[in-house]
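Please keep the sequence and the 3D view open while reading.

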Amino acid sequence: PDATSLASGQSVTVSETGSAGQTMTAVSAGSLTVNSGDSLNYRLATPGTEVELSKIRYNAGNEDVSVKQVALQLTGSNLTLENQKVTLHDGATKVGEATFASGNTAKAVLSSFTVPRHGTKTLTVKATMAGISASGPNTVSGNLVKVDYDNTNVGTDGNFGTGLSSGQTILPSGSTASAGVRLMKAYPKFE
C-alpha cells in the first residue's frame, strides 16, 4: 500500500511484514505476599521501653497495592501483650495501631501504606512493654513476646489491600516468624 505524508505531501511505499507481534498477558489484579522483614535478633527488654517486635515485608506484583488492614497474632507461649496496644510504622511514620484485647489476635486499619508495583515495603510493629508486678499486667519476668502476621485471617475482616490500578481487593499470602523479645524486670548490662 501507498501513503502520503500530511506534513510534506510526499508519497511513500509502505512494506508490511507478516508477524504475530508481541505476546501480551493480561491480569485482572495485582498480587501481594508477605515474609519476615529485615531480621530482628532475639533481644531483652525491660518494662517501659518501646521495642520493635517484628518487621513484616510486603511484596507487590503487577500494580501498586494499598494495604488497608493487617491482622497480627501472638506466637509466643504466653499472652504478655493482652489488653495492650502495638503501633505499626512505615519507617518513622506511624500508620496504624492495634490492641490485643483478649486472646492472641489483633488487627489494625492502616492509614497510608502503599507497596510499589514489583517492589517491597516493610511494616514495623512496636510496643511499649508493660510493667511486671504481682497484680499484672505481667506477673513474671522472662516472658517471650512474639508478634507475627496472622496468615490465618485473610480477607476484608483480616489482611487485605486494594490494587491502585485495578481497584480490586488483593488478598496477601505468606507468613512471618519473629525472633521475639524477652521481657525482664531487670538484667545486667556489660560495657
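His118 lies in the loop between β10 (114-115) and β11, where strands are DSSP runs (E, at least two residues), helices are DSSP runs (H or I, at least four residues), and both are numbered from the N terminus. With a relative accessible area of 55%, His118 is exposed, a class that means over 50%, whereas buried means under 20% and partly exposed lies in between (1.4 Å probe, protein chains only). Although His118 is not a glycine, its phi is positive, at about 55 degrees. Most residues other than glycine have a negative phi.

The model is predicted, so local features need pLDDT of at least 70 and side-chain atom pairs count only at pLDDT 80 or more, while totals for chains, interfaces and linings use all residues. Residues are numbered from 1 along each chain as its sequence is written, and side-chain values use heavy atoms, with hydrogens and water left out.

**Overall fold**

The protein has zero helices and 17 strands. Its radius of gyration, taken over C-alpha atoms, is 25 Å, well over the 16 Å that the globule rule gives for 191 residues, so the protein is more spread out than a compact globule; that rule is 2.2 Å times the number of residues to the power 0.38. Along its principal axes, the C-alpha trace spans about 95 × 40 × 25 Å.

Of the 191 residues, 39% count as buried. The protein exposes about 10,600 Å², of which carbon and sulfur atoms supply 48%, by the Shrake-Rupley method with a 1.4 Å probe. Among contacts (heavy atoms within 4.5 Å) between residues at least 6 apart in sequence, 71% join residues at least 24 apart. The protein carries 14 positive and 14 negative side chains, and the centres of the two sets lie 12 Å apart; here Lys and Arg count as positive and Asp and Glu as negative, while His and the chain ends are not counted.

**Positions compared by C-alpha separation**

| Pair | Apart in sequence | C-alpha to C-alpha |
|---|---|---|
| Val145 and Gly180 | 35 residues | 5.3 Å |
| Val125 and Leu53 | 72 residues | 5.5 Å |
| Gly136 and Gly174 | 38 residues | 34 Å |
| Ser135 and Thr124 | eleven residues | 30 Å |

**Buried strand residues**

Val125 is found in strand β11 and, at 0% relative accessibility, counts as buried. Leaving aside residues up to four places away in sequence, Val125 touches Val51, Glu52, Leu53, Ser54, Ile56, Leu72, Val86, Thr87, Leu88 and Val147.

Val145 has its place in strand β12 (residues 143-145) and also counts as buried, at 2% relative accessibility. When residues up to four places away in sequence are not counted, the contacts of Val145 are with Leu53, Thr80, Leu81, Met129, Gly180 and Val181.

**Loop residues**

Ser178 lies in the loop between β16 (173-174) and β17 (181-183), yet at 11% relative accessibility it counts as buried. A polar atom of the Ser178 side chain lies 3.3 Å from the backbone oxygen of Val147, and Ser178 touches Leu53, Ser54, Lys146, Val147 and Asp148, not counting residues up to four places away in sequence.

Gly136 lies in the loop between β11 (120-128) and β12 but is buried, with a relative accessible area of 19%.

Asn62 is found in the loop between β5 (50-61) and β6 (65-74) and counts as partly exposed, at 39% relative accessibility. The phi of Asn62 is near 75 degrees, a positive value in a residue other than glycine.

Notes. Charge placed at Lys NZ, Arg CZ, Asp CG, Glu CD. Polar contact = N/O pair within 3.5 Å; in protein donor to acceptor, adjacent residues only side chain to side chain.
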